[in-house]
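Dear colleague,

Please find the structure below.

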Amino acid sequence: MEPSRQETDDRTGADFYARLPVFDHFSDLTDARRYMPVPDDWVIGLSDIVRSTSAIQAGRYKEVNTAAAAVIAALANKLGTSEFPFVFGGDGASFALPASEYDIAREVLSAVAAWVRDAFDFELRIALVPVSEIRAQGHDVRIARFAASPDVSYAMFAGGGLAYAERQMKNGAFAIPPASSGTLPDLTGLSCRFDEITPERGVILSLIVLPTPEADMEAFNTLIGEVLALAEGQEAGRPLSDKGPPLASPFKGFGVEAKTVRTGGFRLLPLARLAAGRLASFMIFRTGRPFGGFDPARYRHQLVENTDFRKFDDGLRMTLDCTPALADRLETMLSEAEQHGIARHGLHRQEAALMTCFVPSPTRADHIHFVDGAMGGYAMAAQAMKPAV
């Protein structure tokens with residue numbers, strides 16, 4: 001049967017993502033019916049910090065997370081919306097956009113790579129891969145939308161295409177050069193003024209589960225369902241309490257946030273404004289009293305609900321607050337699955353979690369918060385994985 005004109009428009013239009021139905025039960029991520037194929041004329045953007053493990057081992061995990069989230073923040077500021085499909089991976093980020101926004105994506109990636117180099121002396125690998133090329137190589141890119149809260153949804157990716165594109169980027173294909181030194185993207189709203197989050201149950205666990213190349217997807221989805229059932233039990237939960245993260249001192253992390261500020265020829269004035277804003281923010285959260293149109297109690301509630309602590313991009317990634325006993329059970333379960341050729345996995349246990357925030361406006365409810373382990377998180381979990389055969 002030939003598709004209708006409306007069905008064709010839905011698959012190829014720039015509003016593809018906006019038209020996707022939204023689901024609000026994370027366990028539904030294994031339902032293939034939730035995922036729709038990305039239009040052929042779209043592109044996948046990718047970024048990855050080279051030698052991120054060394055930077056993390058040197059204690060620079062906050063800078064690594066900030067550099068990775070900068071891609072999403074800069075792109076959202078350029079597009080004027082965060083309603084596009086993206087994934088934060090701790091030491092990198094990925095996204096999908098229609099061909100009509102290819103030039104925007106290229107400009108943003110180049111600018112962020114230049115800023116990351118200038119600000120942190122990191123090399124940010126960047127690439128743009130056409131979806132049509134991914135499909136020509138036998139892979140697919142399908143997307144679903146998961147509502148973390150009534151105000152924020154996150155993209156879930158399936159089909160193997162994102163993983164294929166990342167491998168191509170790391171092999172040097174589809175590479176984009178960084179912009180010239182001194183280029184600064186618009187990173188308005190990229191900050192986090194909260195402290196590291198200590199676990200209530202014993203350990204912060206960063207977890208990655210990917211299918212093996214020969215995996216039976218029904219068996220893999222069953223495994224993911226079993227992992228989620230344990231993760232949603234009494235021994236585990238999101239790494240944030242209902243009260244939200246602890247408040248950091250006014251100038252903790254000031255140096256990192258200062259690197260996101262456009263200073264022009266008058267460096268001291270923008271930095272003085274940033275310092276004053278951080279101090280005011282600290283006092284408002286400390287007193288808990290509403291100020292103007294900002295209610296700190298409401299913001300904290302939204303922050304907890306909006307936080308991106310679990311995702312699916314050709315595999316499951318989660319940051320959990322769990323008991324050591326549950327971490328042991330998960331490790332045993334995943335090791336057995338690996339022995340049976342169902343999945344590869346990586347785990348990393350740490351004593352705290354770290355939040356990186358994108359808040360275009362503190363009075364809106366759609367602010368975004370990324371959680372990773374504070375001692376390497378996803379990057380160290382990925383490092384612990386056995387190579388794919």
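Rings of Phe, Tyr and Trp (its six-membered ring) pair if their centres lie within 6.5 Å; planes under 30 degrees apart count as stacked, over 60 as edge-to-face and the rest as tilted. This is a predicted model, in which local features need pLDDT of at least 70 and side-chain atom pairs count only at pLDDT 80 or more, while totals for chains, interfaces and linings use all residues. Residues are numbered from 1 along each chain as its sequence is written, and side-chain values use heavy atoms, with hydrogens and water left out.

A search of the whole structure gives 14 aromatic pairs. In one of them, the ring centres of F86 and F370 are 6.1 Å apart and the planes stand at 80°, so this pair is edge-to-face. Because F86 belongs to strand β4 (residues 86-88) and F370 to strand β17 (residues 368-373), the pair ties together parts that are 284 residues apart in sequence. Strands here are DSSP runs (E, at least two residues), numbered from the N terminus.

F86 is buried, with a relative accessible area of 4%, and F370 is buried at 2%. Buried means under 20% relative accessible area, with a 1.4 Å probe and protein chains only.

F370 also pairs with F88: their centres are 4.7 Å apart and their planes at 25°, so the pair is stacked. F88 is buried as well. Ring pairs link F84, F86, F88, Y154 and F370 into a cluster.

Finally, the charged end of R145 sits over the ring of Y17, 4.5 Å from its centre; for this, CZ of Arg or NZ of Lys must be within 6 Å of the ring centre and within 35 degrees of the ring normal.

Definitions and conventions:
Helix = DSSP H or I, 4+ residues; strand = E, 2+ residues; numbered from the N terminus. Buried < 20%, exposed > 50% of the residue type's maximum accessible area, 1.4 Å probe, protein only.
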